[in-house]
Amino acid sequence: MPLILDASRSPSPSASEATPTTLRRQDHHESDVVVVGAGILGTSLAITLARQGRSVILLEKSLKEPDRIVGELLQPGGVQALEKLGLRDCLEGIDAIRVKGYEVIYYGTGVEIPYPANAAGDDVPQSWGEGAFDSEKVNPRDPAELSRPEGRSFHHGRFIQQLRSAAMREENISFIEATVSDTIRNGWTGQVLGVEAEYPKTGEKDVFFGQLTVLADGYASRFRKEFIIHAPVSKSKFYGLELIDADLLRSMHGHVVLGEGAPVLLYQIGTHETRALIDVPEGTPTASHANGGVKEHLRSVVLPSLPKCVQSSFEKALDDGKLRSMPNSWLPPSTQQVPGMVLLGDAMNMRHPLTGGGMTVAFNDVLMLRDLLSPDNVPDLGDTQRVRKQMRNFHWRRKNLSSVINILAQALYSLFAANDPHLRALQLGCFRYFQRGGSCVDGPVGLLAGIIRQPFVLFYHFFAVALLAMWLMVQKSPLWRLPWTVLETLGVFWKACVVIFPFIFSELRT
């Protein structure tokens, strides 16, 4: 029977019903693992460790349904990981929408980039069976559908609540509503022993102890500065609107709109709701206060660039005034050497949300930690030396997927938000590359989907785009100007190197 505590101290099971580990969590607040943050990574990790027999205390500052404008699209590689974790039921009952790929619109011209056929292998679930999702079902008799993996999009808060409900059903988890304020350390060794927290309803303070403390308190982590040297870098914000009954160009596809400004994302999150995310870089002149602010920028600059079919719903959402923002942050991953503690999720590693890879990275991290920290590999989580060794292995083993998604997100954003001639040439090269179809689509979108996990494939396609951009410049150049054009193409190649290599180097650091 699960023990669910909050600030009001809900009645707990009787001594005859409760297990010794439950009583230890209840009476002494002691466990194998204390997890701080019941978001995507924290909740799924708590469930995974609990199912391995670990005693877990899961702390969350608010059990209300979150209301965020990102974390709403799960790529096929994330769906695969969710299935392996035994949590696919969390996608049921939330009006989740099937996602088959993307539509990229470049100055009014569109190209479809579907998820690649047969790229996922046999492990990726294609047909979810009876009652799998609220939106359209997969037809098991259609080979074309079964050969392509799919993602899912949804309201973030609904999905989080499904994960939390799953955690509350686990008998090895005590789920407690409390705001964590500090870590508790051994004064001699520096080992983290647990955390201090406060119940939000009463203001009463309490302490919770674990052999291992997992800090997964999200993008605004209060512990990040204490344990890692890197700080997030944010150069733009996403402004979010919720469109009602928007008429998208291609159903069950995310839409990326490219034009004079930064990119705009459109994707359905429910039967009637579509999310619009508009990237606004710092210092955008048309979004300045003097020019009417962000709303006027959206109305006068962004609205005319959108497909005609969505302009009316976009304008209505803008008139309704429900505009929210969130910083787009970059934080390279790092190892932590503090005994008794690990920092995970967005608290440790973030990338631009343009490619929707955050949840895919999180679920695959949990999948990897399930093996690395299993009782077979780490019988005692209090063995800090073994835990730290496994976390170093985790840092490097996750690179095949996380480095691909991190680098791709940052590099693609640089191209899609092109603000100089060389980047605009690369942006055009990228679009023309997609128009070629075949492997020019399957490779990049397979990387984006979390299906292809080979960093070299990313390197290959990125520089193939650069070479195509250079060739397009040569093709349209008059003969008399050819020597200068060749020099300009070298500038484009140099810009491509400047874009991608800093992100590659950041992934190689510890």
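Student: What is the volume of the second largest pocket?

Tutor: In this predicted model, the second largest pocket has a volume of about 890 Å³. Pro281, Tyr413, Ser414, Ala417 and Asn419 are the closest to its centre, out of 40 lining residues.

Student: What makes a residue count as part of that lining?

Tutor: A lining residue has an atom within 4 Å of a point of the pocket. Several elements supply at least two such residues each, including strand S13 (233-244), strand S16 (273-281), helix H11 (399-416) and helix H15 (482-508). H15 gives the largest share, five residues.

Student: How is the lining of the second largest pocket divided by class?

Tutor: There are 20 nonpolar, 14 polar and six charged residues in that lining.

Student: Let's turn to the cavities. What makes a space a cavity rather than a pocket?

Tutor: In a cavity a 1.4 Å probe fits but cannot get out, whereas a pocket is an open set of points. Four cavities of 30 Å³ or more are counted here. The largest cavity has a volume of about 290 Å³, and Leu408, Leu412, Cys430, Phe434 and Pro444 lie nearest its centre among 22 lining residues.

Student: Which helix gives the most to the lining of the largest cavity, and how do the residues of that lining divide by class?

Tutor: H11 gives the most, with five residues. Among the other contributors of at least two residues are helix H13 (439-448) and helix H14 (455-475). As for class, 20 residues are nonpolar, two are polar and none is charged.

Student: And what about the second largest cavity?

Tutor: That one holds about 90 Å³ of space. Its 13 lining residues include Ser334, Thr335, Gln336, Met391 and Phe394, the closest to its centre. Helix H10 (384-397) gives the most to this lining, four residues. By class, the lining has seven nonpolar, four polar and two charged residues.

Student: Why does Glu60 count as buried?

Tutor: Buried means under 20% relative accessible area. Glu60 has 11% relative accessibility, so it counts as buried. Glu60 sits in strand S3 (residues 56-60), and its contacts beyond four places in sequence include Gly37, Arg164, Phe175 and Glu177.

Student: How do you know that the side chain of Glu60 has a polar contact with Ser62?

Tutor: The cut-off for a polar contact is a pair of N or O atoms within 3.5 Å. A polar atom of the Glu60 side chain lies 3.3 Å from the backbone nitrogen of Ser62, and that distance falls within the cut-off.

Student: Why is helix H3 called largely enclosed?

Tutor: Seven of the nine residues of H3 (residues 76-84) are buried, so the rest of the structure largely encloses this helix. Pro76, Val79 and Leu82 are among the buried ones. The buried residues of H3 pack against strand S4 (73-74), strand S8 (151-153), helix H5 (156-168) and helix H9 (358-372). Just after H3, Gly86 takes a positive phi of about 75°.

Student: What radius of gyration does the protein chain have, and how does it compare with that of a compact globule?

Tutor: A compact globule of 510 residues would have a radius of gyration near 24 Å; the protein chain has 24 Å, so the value agrees with the rule. The chain has 15 helices and 18 strands, and 57% of its residues are buried. Of its contacts with a separation of 6 or more, 73% are between residues 24 or more positions apart.

Key
Residues numbered from 1 in each chain as written. Predicted model: local features only at pLDDT ≥ 70, side-chain atom pairs only at ≥ 80, totals over all residues. Heavy atoms only, no water. 1 Å grid on protein atoms, 1.4 Å probe; cavity = no way out; pocket = protein on both sides within 12 Å on 5 of 7 lines; lining within 4 Å. Points joined across faces, edges and corners; volume = space filled by probe spheres on them. Nonpolar A, V, L, I, M, F, W, Y, C, P; charged D, E, K, R; others polar. Buried < 20%, exposed > 50% of the residue type's maximum accessible area, 1.4 Å probe, protein only. Polar contact = N/O pair within 3.5 Å; in protein donor to acceptor, adjacent residues only side chain to side chain. Contact = heavy atoms within 4.5 Å. Rg over C-alpha atoms; globule rule 2.2 N^0.38 Å.
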